[in-house]
Amino acid sequence: MMAIKNRRICGWDLGLMALTVGVCAVLYRLASAAPEDGPGWLLRPVAWLAGGMARTQFVLTPGVGYIAQRVSGCVVCIHNACSGVRFQLMLTVLLVFTCVPRIPGAGRKMATTAGAMVAAYGIGILATALRIASATVLWIPINPLDPVLLHNAVGVLVYLTATILCFVLATKATQYLQSQAKGAPHG
């Protein structure tokens, strides 16, 4: 039996972890099968938020994606490959695997799993929009960096920072919940 700091992983933990991986696999399959202008459940909010951050408007072009014409004359397109689905699903697994084994009680474990999925969806949209908006704003025609290289570098920075922050916050939140369950003061 695996243990996390003297806490054994129980059947509920393994079941919820397996369920999370299964749900993520299905969502990834759905997102991968979507056309270039989908999946709407990810691209629509990302395009709206990235447009607000970059002070531009992304317009849906069926079969292509969400397109924005920048003042500098370049065209920015958000399509299926830019959806951030892999990051969102990785974050879902990270949050569930970090939190669920540390939370006491089956009901709390199920609520934590659902909360982790919702949190990962929201954080994934926010981080992806920030990645797209940052790369859009940072790239100017006289910039010596290739736009794809800049986009990828900004993506690594944003996603890595978001992952570390989520892990630290999830760990602190579960420590707090553990201390509350035991009746001990937190700190």
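Contact here means heavy atoms within 4.5 Å. The model on screen is predicted.

Start with Leu 95. Which residues is Leu 95 in contact with, leaving aside its neighbours within four places in sequence? Select Val 100, Ala 116, Ala 119, Ala 120, Cys 166 and Ala 170: these are the residues that Leu 95 touches beyond that stretch.

Now widen the selection to the nonpolar core around this residue. Leu 95 is among the residues with the most contacts inside the largest nonpolar core, together with Phe 58, Ile 78 and Ile 132. That core has 38 residues. To see where they come from, colour H1, helix H2 (40-54), strand S4 (65-69), strand S5 (75-78), helix H3 (85-99), H4 and H5, each of which supplies at least two residues of the core.

Next, select Asp 13 and Lys 109. They form a salt bridge, and their closest N and O atoms are 2.5 Å apart. Asp 13 sits in helix H1 (residues 11-33) and Lys 109 in helix H4 (residues 106-138), so the pair, 96 residues apart, links distant parts of the chain. The count for the model is one salt bridge. Are the two partners buried or exposed? Asp 13 counts as buried because its relative accessibility is 0%, below the 20% cut-off. Lys 109 is buried as well, with a relative accessible area of 3%.

Finish on the surface. Select Val 156, Leu 160, Ile 164, Phe 167 and Val 168, which make a nonpolar patch of about 460 Å². Val 156 belongs to helix H5 (residues 147-182). With a relative accessible area of 55%, Val 156 is exposed, because exposed means over 50%.

Definitions and conventions. Residues are numbered from 1 along each chain as its sequence is written. This is a predicted model: local features need pLDDT of at least 70, side-chain atom pairs count only at pLDDT 80 or more; totals for chains, interfaces and linings use all residues. Side-chain values use heavy atoms; hydrogens and water are left out. A salt bridge is a side-chain nitrogen of Lys or Arg within 4 Å of a carboxyl oxygen of Asp or Glu. Helices (H or I, at least four residues) and strands (E, at least two) are DSSP runs, numbered from the N terminus. Buried means under 20% relative accessible area, exposed over 50%, partly exposed in between (1.4 Å probe, protein chains only). Patches are made of residues with over 30% relative accessible area and no salt bridge: like charges are joined within 9 Å, nonpolar side chains (Val, Leu, Ile, Met, Phe, Trp, Tyr) within 5 Å. Accessible areas come from the Shrake-Rupley method with a 1.4 Å probe; for residues, only the protein chains shown count as cover. A nonpolar core is a set of buried Ala, Val, Leu, Ile, Met, Phe, Trp, Tyr and Cys residues joined through side-chain atoms within 4.5 Å.
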